[in-house]
Amino acid sequence: MKQQKIQGYEYCGICEEPKENGIHLYSMFLCSECEHNMIHTEPREEKYQYYLSKLKNIKQSTLH
């Protein structure tokens with residue numbers, strides 16, 4: 001689901017909330033908070049599977 005930008009904000013592909021700061025990973029915007037949480041989540045934690053399922057929505061650019 002593609003969502004519109006709100007002046008200076010983008011929708012995070014993980015928490016799906018409009019955020020101002022973050023990174024782009026191919027076609028997906030990840031807010032700084034979700035990026036931090038993902039980095040500090042261990043594979044044995046339940047939240048890890050949630051992040052994996054969200055990251056599967058990333059579309060890799062065909063331009064190189």
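**Figure 1. Salt bridges in the predicted model.** The structure holds four salt bridges, a salt bridge being a side-chain nitrogen of Lys or Arg within 4 Å of a carboxyl oxygen of Asp or Glu. Side chains of opposite charge can pair when their charged atoms come close. The model is predicted: local features need pLDDT of at least 70, side-chain atom pairs count only at pLDDT 80 or more, and totals for chains, interfaces and linings use all residues. Residues are numbered from 1 along each chain as its sequence is written, and side-chain values use heavy atoms, with hydrogens and water left out.

**Figure 2. The network of E17, K19 and E33.** Salt bridges link E17, K19 and E33 in a network. The side chains of K19 and E17 meet at 4.0 Å, N to O, while the closest N and O atoms of K19 and E33 are 3.1 Å apart. Because K19 lies in strand β2 (residues 18–19) and E33 in helix α1 (residues 32–39), this pair ties together parts that are 14 residues apart in sequence. Helices (H or I, at least four residues) and strands (E, at least two) are DSSP runs, numbered from the N terminus. K19 is buried, with a relative accessible area of 14%, whereas E17 is partly exposed at 42% and E33 is exposed at 51%. Buried means under 20% relative accessible area, exposed over 50%, and partly exposed in between (1.4 Å probe, protein chains only).

**Figure 3. The salt bridge of E42 and R44.** The closest N and O atoms of E42 and R44 are 3.8 Å apart, and the two residues form a salt bridge. E42 counts as partly exposed, at 37% relative accessibility. R44, at 73%, counts as exposed.

**Figure 4. Surroundings of T41.** T41 lies in the loop between α1 and α2 (46–55) and is buried, with a relative accessible area of 11%. Neighbours within four places in sequence aside, T41 is in contact with K47, Y48 and Y51, contact meaning heavy atoms within 4.5 Å. Between T41 and Y51, ten residues apart in sequence, the C-alpha to C-alpha separation is 9.2 Å. A polar atom of the T41 side chain lies 2.5 Å from the backbone oxygen of N37.

**Figure 5. The chain as a whole.** Two helices and four strands make up the elements of the chain, and their order from the N terminus on is β-β-β-β-α-α. Of its 64 residues, 20% count as buried. Among contacts in the chain with a separation of 6 or more, 28% are accounted for by residues 24 or more positions apart. The accessible surface of the chain comes to about 5300 Å², and 49% of this surface belongs to carbon and sulfur atoms. Accessible areas come from the Shrake-Rupley method with a 1.4 Å probe; for residues, only the protein chains shown count as cover.

Notes. A polar contact is a pair of N or O atoms within 3.5 Å; within protein, one must be able to donate a hydrogen and the other to accept it, and residues adjacent in sequence count only if both atoms are side-chain atoms.
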